[in-house]
Amino acid sequence: MFENKKILVVGMARSGLAAARYLLRQGAVLVVNDSKSEEDLKGICQELESMGDVRFILGRNPNTDEVQDIDMAVVSPGVPLDLDYIMAIKNNRKKVISEIELAYQAGLKKNIRFVGITGTNGKTTTTSLVGEIFKAQGVETYVVGNIGNPAIEAVEMAGDGAVLVTELSSFQLESIDMFSPTASTVLNLTEDHLNRHHTMENYAKAKARIFENQVDDTVCILNYDDPITRSMAEDCHADVVFFSRKDKFERGIYLDDDNNIIVNNEIEEIALLKADELSLPGGHNLENCMAAIGLTLALGVEIEVLVKVLKTFKAVEHRLEYVDTVKGVKYVNDSKGTNPDSTIKAVQSYKDPIILIAGGYDKGSDFNELFEIAKDYVRSVVILGQTGDLIEETARKHGFTDLYRVNDLKEAVEKSAQIAKEKDIVLLSPACASWGMYNNYEERGREFKKLVADLEK
């Protein structure tokens with residue numbers, strides 16, 4: 001499929017490097033581009049050169065002349081698609097795809113079943129939960145995508161009929177072509193990544209691409225309580241199944257009057273378990289679990305297996321992750337909270353007073369709703385990062401006075417420990433991306449846990 005094709009691979013992070021390795025093994029001729037210098041990528045360059053025919057354009061973007069003979073481009077999610085050389089490739093009627101699309105096309109030969117999970121919040125938790133359910137059923141399962149594991153590596157390892165549970169960002173979905181999951185979900189949609197998408201309409205269109213190639217023998221699970229995701233059903237050609245915390249259906253997943261999670265398949269109502277038996281706390285996690293129920297039942301998971309995992313599954317790292325209790329103060333790592341709506345859900349998960357550590361890279365978010373809601377949960381806010389001025393201004397507008405500005409996460413943890421009282425919760429939920437201070441939210445979360453460990457016990 002890719003032999004002797006001249007393919008541009010943009011970005012040498014994990015997914016880009018995995019794509020380059022795969023394509024060279026398939027006999028492709030590669031042009032590799034990255035903003036890092038040759039010195040920075042010396043080891044990677046040597047490895048790829050040893051594998052096949054490859055040329056490097058490093059430390060800069062390619063010129064449009066340098067991509068005239070390109071047959072296809074595989075771009076990393078962080079690469080804007082309106083760059084001149086990307087547009088030149090498109091204008092030459094050549095495909096510009098993501099590593100996810102590459103993995104999907106490669107997986108067709110093995111009849112691999114993709115489960116696609118997107119939305120603004122809850123993707124990582126839902127993806128991890130769905131993966132655990134399939135594994136408990138005894139299905140060969142790989143958890144991949146935006147969660148950090150390249151899909152193309154899993155495709156190469158997987159046997160026929162394996163399941164790839166795939167967390168998908170809007171950036172990854174912008175560059176699909178044939179991608180068509182067996183089951184998909186859009187969990188919710190709130191304002192995020194407007195620095196790239198510019199409008200909510202554009203952002204929603206990117207997310208909706210998850211089901212654009214699905215047909216009526218596949219399933220799409222949609223959140224009925226979110227007006228944007230509910231309206232997506234009108235344009236979806238898959239079999240749509242709704243879930244809701246508020247409404248009941250003749251067909252769908254919902255709560256009954258006794259707080260049981262019900263699956264109604266039009267033939268019978270099946271009570272799976274009570275909502276308070278779920279291992280994950282909070283209403284947002286109830287929604288994540290409902291989506292997971294729909295996705296896994298659609299692919300034949302047994303109810304007994306499903307219920308057991310729902311009762312025992314542990315929260316994923318960096319999402320409402322309990323770290324430690326120091327001098328009666330509980331520390332929680334929610335570094336995955338990279339937008340205001342995610343942080344709203346985090347603060348609403350606790351009853352004790354919260355000291356919120358917030359701030360980071362500016363993605364163009366509006367923090368008004370966060371601080372209007374946070375008034376009922378948050379006593380103090382410790383602020384850092386590029387968005388510091390905007391966060392402080394917005395918090396003051398909503399009546400917050402106990403505000404502290406710090407230079408970095410170390411100062412934030414120290415200040416939080418200083419002002420905390422017994423039974424308080426120090427919650428790292430930044431409502432912002434980590435870029436500019438850390439490479440990713442995982443690095444930020446790990447640093448937070450190390451700093452908590454260093455506190456005097």
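The legends below describe close-up views of a predicted model.

View 1. Because domain 2 (101–311) and domain 3 (321–454) both give residues to the lining, the second largest pocket lies between them. By residue class, the lining of this pocket divides into five nonpolar, eight polar and eight charged residues.

**View 2. Helix α13 and the elements packed around its buried residues.** Helix α13 is mostly covered, with eight of its eight residues buried, namely P340, D341, S342, T343, I344, K345, A346 and V347. At the start of α13, a side-chain oxygen of N339 comes to within 3.2 Å of the backbone nitrogen of D341.

View 3. Residue N333 belongs to strand β16 (residues 329–333) and is buried, its relative accessible area being 0%. The side chain of N333 is joined to that of H318 by a polar contact of 2.9 Å. When its neighbours within four places in sequence are left aside, N333 is in contact with H318, R319, L320, E321 and V323, and also with L428, G445, F448 and K449.

**View 4. N4, a residue with positive phi before strand β1.** Residue N4 lies in the segment that precedes β1 (6–10), and, although N4 is not a glycine, its phi is positive, at about 65°. Most residues other than glycine have a negative phi. With a relative accessibility of 58%, N4 counts as exposed, because the cut-off for that class is over 50%.

**View 5. R93, a residue with positive phi between α3 and β5.** Residue R93 is placed in the loop between α3 (84–91) and β5 (95–97), where its phi is near 60°, a positive value in a residue other than glycine. The relative accessible area of R93 is 79%, so this residue is exposed.

Conventions: Residues are numbered from 1 along each chain as its sequence is written. This is a predicted model: local features need pLDDT of at least 70, side-chain atom pairs count only at pLDDT 80 or more; totals for chains, interfaces and linings use all residues. Side-chain values use heavy atoms; hydrogens and water are left out. Helices (H or I, at least four residues) and strands (E, at least two) are DSSP runs, numbered from the N terminus. Buried means under 20% relative accessible area, exposed over 50%, partly exposed in between (1.4 Å probe, protein chains only). A polar contact is a pair of N or O atoms within 3.5 Å; within protein, one must be able to donate a hydrogen and the other to accept it, and residues adjacent in sequence count only if both atoms are side-chain atoms. Contact means heavy atoms within 4.5 Å. Ala, Val, Leu, Ile, Met, Phe, Trp, Tyr, Cys and Pro count as nonpolar, Asp, Glu, Lys and Arg as charged, and the others, Gly among them, as polar. Domain bounds come from an automatic or database domain assignment.
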